[in-house]
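Please look over the model first.

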Amino acid sequence: MTLEKVTNLIAEKKELDPAAITAESTLESLGFDSLDTVELIMAFEEEFGITIEADETLQTVGDLVSLINSLTA
Amino acid sequence: MKTILCDLLGIQYPIFQGGMAWISDYSLASAVSEAGGLGIISAGNAPPDYVREQIRQTRARTNKPFGVNIMLMSPFVEDIAALVAEEKVPVVTTGAGLPTKYMKAWLEAGIKVIPVVPSTGVAKLVQRAGAAAVIAEGGESGGHIGELNTMALVPQVCDAVKLPVIAAGGIADGRGVAAAFMLGACGVQLGTRFLVAKECTVHETYKKKILAAGDIATMTTGRRLGHPVRALKSPFTHQFLKNEMQSDMSLEELEAFGSGALRRAAKEGDEKNGCFMAGQVSGLVNKEQTAKEIIEELFAEAAAKFKEAAAWVK
């Protein structure tokens, strides 16, 4: 559920095919530099009504999904 | 000229002297603060003992507010972050990353946190974390630079946050100061102009090179590393660019080649192997003055510009 939402938002931001994004995809490989990542995280905060502490451990889409899940649980 | 930034920080003129690694030590920072601006000590990659000594020396020379600039990629960042909280320095500015994880401790120590922001997203993020103001620094500046330029970045950051915005990058005289205020900033930060201040202890060769530089004297290297740097063209930047284009040179080798180059320029005046970081305004910086003379001249010029411009409006 969360993975789908996250994937769709990423796909929308970078005009990618959602099917090409998996939990293992790194944000870097999807074309997000550090500034894009800040924007992305803020979009997720708005979408899920949470506050995310951005740090270097966020590498893959899966990392993002588990972080969001832990914050919305 | 007085703006809300003056009241916020208890300074006379709304101007910061940018933190410049290996260059802005207590001598320059205390002179700028004494002259009514905000002097800023650069922590750069220096160890905590050095920074503590700089803070104490600054305090011995001025009772006015000053700041410490923390380079977030420094190997000593954790220790420096703790040190500024312990010393309760009045202002902390940050560069090269997101300062959010340190901000709680700094705010608890009563520090005003003013991060350098390269985008509206980062500006919003630090606003939420409790920043007192933000510095919108365009790619005209010297040293490590972002993608956007001042003219485009400043108004967009002003629209994105409710905080006071300090404009940086491309400002060296009263015209630049006036323009920055017109873009919505309520303060300015200058590096290159203060680098040639009489109180700046940088190597004489560095000052001479900036005073002699023209409009096309600077260039950007390090794009391949993901953190571009603006510096005066020199044998070093020439070689760096060559290495950068050489695909068989690894990122690690390239980093190693650049390591220590700023120190060699700032401390040794090494014209061959030094990296003389400087802004695009180097061509506008033509005389060595005291920090006080620089600040007073900047704001006299800016005030004159505002009066001239008012005549255009019916």
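A salt bridge here is a side-chain nitrogen of Lys or Arg within 4 Å of a carboxyl oxygen of Asp or Glu. A:Glu45 forms one with B:Arg128, the closest N and O atoms being 2.3 Å apart. The count between chain B and chain A is one.

The model is predicted: local features need pLDDT of at least 70, side-chain atom pairs count only at pLDDT 80 or more, and totals for chains, interfaces and linings use all residues. Residues are numbered from 1 along each chain as its sequence is written, chains are lettered from A in the order written, and side-chain values use heavy atoms, without hydrogens and water.

**Interfaces**

The size of an interface is often given as the accessible area lost when the parts come together. Buried area is that loss (1.4 Å probe), summed over both parts. Contact means heavy atoms within 4.5 Å. Domain bounds come from an automatic or database domain assignment. For chain B it gives domain 1 (4-201 + 284-310) and domain 2 (218-277).

| Interface | Buried area | Carbon and sulfur share |
|---|---|---|
| Chain B and chain A | about 760 Å² | 63% |
| Domain 1 and domain 2 of chain B | about 1,000 Å² | 63% |

On the chain B side, B:Gly121, B:Leu125 and B:Arg128 lose the most area to chain A, together 45% of what that side buries. The chain contact takes 10 residues from chain B and nine residues from chain A.

Within chain B, 13 residues of domain 1 are in contact with 11 residues of domain 2. B:Trp22, B:His144 and B:Ile145 supply 51% of the area that domain 1 buries against domain 2, more than any other three residues. The C-alpha centres of the two domains lie 25 Å apart.

**Cores**

A nonpolar core is a set of buried Ala, Val, Leu, Ile, Met, Phe, Trp, Tyr and Cys residues joined through side-chain atoms within 4.5 Å. Buried means under 20% relative accessible area (1.4 Å probe, protein chains only). The largest core has 93 residues; B:Val157 and B:Trp106 are among those that touch the most other members. Domain 1 and domain 2 of chain B both give residues to this core, so it lies between them. Apart from it lies another core, of 20 residues, including A:Leu9, A:Ile10 and A:Phe48.

**Helix α1(A)**

Helices are DSSP runs (H or I, at least four residues), numbered from the N terminus. A:Leu9 and A:Ile10 are among the buried residues of α1(A). The buried residues of this helix pack against α2 (34-48) and α3 (61-72) of chain A. Just after α1(A), A:Glu15 takes a positive phi of about 50°.

Key
Buried < 20%, exposed > 50% of the residue type's maximum accessible area, 1.4 Å probe, protein only. Helix = DSSP H or I, 4+ residues; strand = E, 2+ residues; numbered from the N terminus. Buried area = accessible area lost by both parts, 1.4 Å probe.
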